[in-house]
Amino acid sequence: MDWSHYRFRSVWDLPAPPGRVYAALERPTDYPLWWPQVRRVDPDPDDERAGTAVFRSFLPYELRVTARERIADPDRGVLEVALHGDLEGWVRWTLGPLGAGGTRALFEQEVSVRKPALRRLAVPGRPFFRLNHALMMRAGRRGLAARLEAV
C-alpha cells in the first residue's frame, strides 16, 4: 500500500441552483474569497486553463500545486482538473439538482503526496492528514454556502 496515496469524497448540499454553483466553482481565482484554506490562486499567464494554488489548513504545512483543466462541462455539471506539484492526481466536482432550487455537489479527489516532508510522515501522519482534509472541506462548504446566499 502506498501510504502517500489518498482518495477523498465529500458531498456538499448548497442553497443555490446548479448553474450558480458551477459558475462559482469554475472561477478558482475567487476560491480564496470564500474558502479560508485556499490561500492563493494565481492564473498561468500563458495558459488560461491552468494556474497555481497554495493551500494551508490546520496543520502547519502548505501545499503548492499547479492545476490544469481537464473537463469543464456546464451541461453535465462537471469540472475536473489535473494536479501537479506537492500533490499529483486529479480533483472533480459533479453537480446535480437538490430539492427546490438547491445543488448537491460531489467532490472527488485522488492524489499522491509528493512533498518530501509529508511523505516521510505518511504512516504516522495519515489520520491527521485525513482529518486536516475533512476540516478543510467543511470550511469550504460553509464558505461557499455563505457566498451563494449573499449573492
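Reply: Begin with pairing. Two strands pair if DSSP finds at least two bridges between them. The elements themselves are DSSP runs numbered from the N terminus: helices (H or I, at least four residues) and strands (E, at least two). This is a predicted model, where local features need pLDDT of at least 70, side-chain atom pairs count only at pLDDT 80 or more, and totals for chains, interfaces and linings use all residues. Residues are numbered from 1 along each chain as its sequence is written, and side-chain values use heavy atoms, leaving out hydrogens and water.

Me: In what sense do β3 and β4 pair, and over how many bridges?

Reply: The general idea comes before the case. Strands of a sheet pair through backbone hydrogen bonds, either parallel or antiparallel. Here β3 and β4 (residues 63–73) are antiparallel, with six bridges between them.

Me: What about β4 and β5?

Reply: Eight bridges join β4 to β5, again in the antiparallel sense. A72 faces L79 in β5. Four residues sit between the strands of this hairpin, where G77 has a positive phi near 75°.

Me: How many residues lie between β5 and β6 in their hairpin?

Reply: One residue separates β5 from β6. The two strands are antiparallel over six bridges. Follow L79 across: its bridge partner in β6 is W93. V81 pairs with V91 in β6.

Me: And which residue in β7 partners W93?

Reply: F107 is the bridge partner of W93 in β7. β6 and β7 run antiparallel, joined by twelve bridges. Their hairpin holds three residues between the strands, and G99 takes a positive phi near 55° there.

Me: In what order do the strands sit in the sheet?

Reply: First, how angles are read: axes are lines fitted to C-alpha atoms, for helices over the stretch in contact, and angles run from 0 to 180 degrees between N-to-C directions. The sheet is open, with seven strands in the order β1-β7-β6-β5-β4-β3-β2 and antiparallel pairing. From one strand to the next, the twist averages 20°.

Me: Which strands does helix α1 touch?

Reply: Helix α1 (residues 18–25) packs on the sheet and touches β1, β4, β5 (78–85), β6 (87–98) and β7 (102–113). Its direction makes about 160° with that of β6. Contact means heavy atoms within 4.5 Å. Helix α4 (residues 122–150) lies across β1, β2, β3 and β7, at about 25° to β1.

Me: How do I read a pocket?

Reply: Rolling a probe the size of a water molecule over the atoms shows where empty space is left. On a 1 Å grid over the protein atoms alone, a pocket is an open set of points where a 1.4 Å probe fits, with protein on both sides within 12 Å along at least five of seven lines; lining residues have an atom within 4 Å of a point. Points are joined across faces, edges and corners, and the volume is the space filled by probe spheres set on them. The largest pocket here holds about 1,000 Å³. Its lining counts 49 residues, with Y31, F55, A67, V81 and L83 nearest its centre. Two or more lining residues come from each of β1, β2, β3, β4, β5, β6, β7 and α4. β3 gives the largest share, eight residues.

Me: Is D47 buried or exposed?

Reply: Buried means under 20% relative accessible area, exposed over 50%, partly exposed in between (1.4 Å probe, protein chains only). D47 counts as buried because its relative accessibility is 19%. D47 lies in β3 (residues 47–55). Its side chain makes a polar contact with the side chain of R68 at 2.8 Å. A polar contact is a pair of N or O atoms within 3.5 Å; within protein, one must be able to donate a hydrogen and the other to accept it, and residues adjacent in sequence count only if both atoms are side-chain atoms.

Me: What does R141 touch?

Reply: Setting aside residues up to four places away in sequence, R141 touches W12, D13 and L14. R141 belongs to helix α4. Its relative accessibility is 28%, so R141 counts as partly exposed.

Me: Where does S4 lie?

Reply: S4 is in the segment before β1. At 5% relative accessibility, S4 is buried. Beyond neighbours within four places in sequence, its contacts are V111, S112, V113, R119, A122 and R126.
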